Amino acid sequence: MASVYKTLSKSKGDQSDGEKEGANGGLKRNKQRVLILSSRGVTYRHRHLLNDLAAMLPHGRKDVKFDSKSKMYQLNELAELYNCNNVMFFEARKGKDLYMWFSKVPNGPTVKMHAQNLHTMEELHFTGNCLKGTRPVLSFDAAFEQEPHLKVIKELFLHMFGVPQGARKSKPFIDHVMGFSVADGKIWVRNYEVREVEKVKGEDKEEAESTNKGKKSKLGDKDTDVSLVEIGPRFVLTPIVIQEGSFGGPIIYENKRFVSPNQVRSDLRKAKAGRHNVRAEQKREGLGKRASLGLLKNGEKKDGTGLDTRELFA
Amino acid sequence: MAKKTAPRIASKDKKATDTKPKKQQKAAEPAVEKLFEENEDEWEDESDGEATKPTSKKAKGKKSKKAAIAPVEDESSDESEGGHGFDLDLARLDESDSDSEMEDADGNEDSESEDDDEEEEIDVDDLSIGNSSDEEEIAATTRVRETINNKDALLAALKRIQLDTSSSVPFAYHQSVISVTPTADAITSIDDDLARELAFMNQSLEAARRARTLLRKEGVPFTRPTDYFAETVRSDETMDKVKAKLIEEASSKKASAEARKLRDLKKFGKQVQVAKQQERAKQKRETLEKISELKKKRKEGASSALGATEADDIFDVAVDNELKSAGKKRSFSAGEHGNPNAKRQKKDTKYGFGGKKKHLKSNDATSSADIGGFSAKRMKSGGGAGPKKPFKAPRLGKARRKAGAGKR
């Protein structure tokens, strides 16, 4: 009887709680855990990037290097083992190219991207810093709402890079912004520290904003403005494919603008070889021309009459 | 709720598109767009029953037009079916040892996907059999690289995982901000690093501002108090290095600026020096000219009347006058500096600059009669007032001095 009462009262309390909190009560808790791991053969830069990202994600679980190139579906089991519903997999190829896989584990989707222009936090031209485990503000480009595949990618980023509310080890303040922008068919990822500074001349703008948002936002110290300082890491992602399943399943998007780095390198090599080939060809042509004109190697003309002194007295 | 409907819609949408041959996909894209719009509406109101009906009808219509491969699924196919399908899919994944699905985005991938799309409808058991032949066939047909953009499937996949980020949800739940304008618009050239980074930063800055106002409205702490210390993302060593680098940069900048200033000054100083030298040379030339002129005059006029010495004196005076009138600037004593101090004047009279120096130090009648410096007392006491000298033996004669030196 007591238990029944307990459950009843509990449910009632829950309901009232939900009503009190408004929308929050009806929301499902955002539970995300990200398995972060790399393949074998990553360079130090890739490794540092992975460490940086792992440091920023308190809901992340770093694992040892995954030792298989072909059996990627094993990652699903691995994620299940660690109770993760997201996988961020760094696949290194040829010891130089980095592919990043973002996957929702039980049943997809999976996005594979090519990562370029990596800059890690270790680099000294980033001057910002932030607490470990604070929840970032995720800033998405408006372009993410325009294409379905970008929508999917945005959702995955939201799950993986956004620290869920009340995550373990997360800290209660907000001191950094992660920016995702789309430009040139690529996704540019940046991470900035939010610094509160004394407000300068741009007061009118802020005021306009506050009037737009309503006067309620006046609480807190309004005399500060925010400025951004980059923390790093920074990298550029080119989406390659999106699979419907998790590390498997049909491909539902393929980027036609993506050119594999192997292709780029081979083209470069070919262009280089082409230069030599052209030169060799020219040389051969020149020789042929001279031969047809009857010009010898030493530059004397060989006449066909056979009256040349050398031929006469040979 | 969303989860319930997701698999069903996914399968239907797939049917709608997958039954079409690949080449016709482009032509059929408007229809796909419509579908997409309706889907979007559905997310907005989140009522699955009403919204799914039009899409499913559409899908059905298409099915009837194109030869449907799969048996028509009932509209009331429940959640378990969808779930079952996925289980099977996963099982298949586990079974198939081939890495084909995980391969990179090469040409045969789209063929793969086509395979899979069809397979999902056909039967799970047929998969392993028909795989290889199909693959070859399609690989042959898709030599020309065609890319896939299956919008319905993408949206279905999105719907399956989507978090609610609408305005009804508290902002602190997701903390994501979508910019008002696409950032790409602000970037004129992707190779212009500065402009590009500025555009990215502006996007994030706008997001930070909006997030701050929203979070403050919700009463979520935003600013970290100054006395709140915790581990940071970047270690203290790194930050020290960063600081050192900044300092070094600033100091080097300062040093270079200073060096430049000095260089400029030097350049300017040199100019001044050159100008001065030129001026001096000019003056010298002028005076020499004047002297020669005077010499000429003297030779013409005064050679007959006056004696040689007298003429010389006159000449000197004349030269002095000339020089005084010409080079007033050059005279140090009474020039722009004014009169020098008394000490200098005295020294000038003593060592140079004015007056005769000959016999200056020798006595004359007055100096020899002057006994101002003589003190009888001092003479008697042997230096009473002056510094006391130690006793000094009188100087001996030369011979005795020499003898003494030899003894030593």
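Which residue stands opposite A:M113 in β10(A)? It's A:P239, and that pair is a handy way into this predicted model. Here local features need pLDDT of at least 70 and side-chain atom pairs count only at pLDDT 80 or more, while totals for chains, interfaces and linings use all residues. Residues are numbered from 1 along each chain as its sequence is written, and chains are lettered from A and ligands numbered from 1 in the order in which they are written.

Let's stay in chain A for a moment. Its secondary structure comes to eight helices and 11 strands (DSSP runs numbered from the N terminus: H or I of at least four residues for helices, E of at least two for strands). Of the 314 residues in chain A, 42% are buried, meaning that 20 or more other C-beta atoms, placed from the backbone, lie within 10 Å of a residue's own.

Strand β10 (residues 234-243) of chain A is mostly covered, with nine of its 10 residues buried. Look at what it pairs with (two strands pair if DSSP finds at least two bridges between them). Strand β5 (residues 110-119) of chain A runs antiparallel to β10(A) over eight bridges. Strand β8 (residues 186-198) of chain A is also antiparallel to β10(A), joined by three bridges, and there A:V189 stands opposite A:F235. Then comes β11 (residues 251-254) of chain A, antiparallel to β10(A) over three bridges; A:Q243 has A:I251 as its bridge partner in β11(A).

Now for the contact between the chains. It takes 81 residues from chain A and 76 from chain B, where two residues are in contact if their C-beta atoms, placed from the backbone, lie within 7 Å. On the chain B side, α9(B) gives the most, with 15 residues.

One part of the meeting is made by strands: β6 (residues 137-140) of chain A pairs with β1(B) in the parallel sense over three bridges, and A:F140 has B:I178 as its bridge partner.

Helices meet too. The axes of α5 (residues 148-161) of chain A and α7(B) come within 9 Å and cross at roughly 20 degrees (axes are lines fitted to C-alpha atoms over the stretch in contact, with angles from 0 to 180 degrees between N-to-C directions). These two helices are therefore roughly parallel to each other, the term for angles under 35 degrees. Residues meeting here include A:V152 and A:E155 from α5(A), and B:L154 and B:L158 from α7(B).

How values were computed:
Angles under 35 degrees count as roughly parallel, over 145 as roughly antiparallel, 65 to 115 as roughly perpendicular and the rest as oblique. A residue is buried if 20 or more other C-beta atoms lie within 10 Å of its own, exposed if 12 or fewer, and partly exposed in between; C-beta atoms are placed from the backbone.
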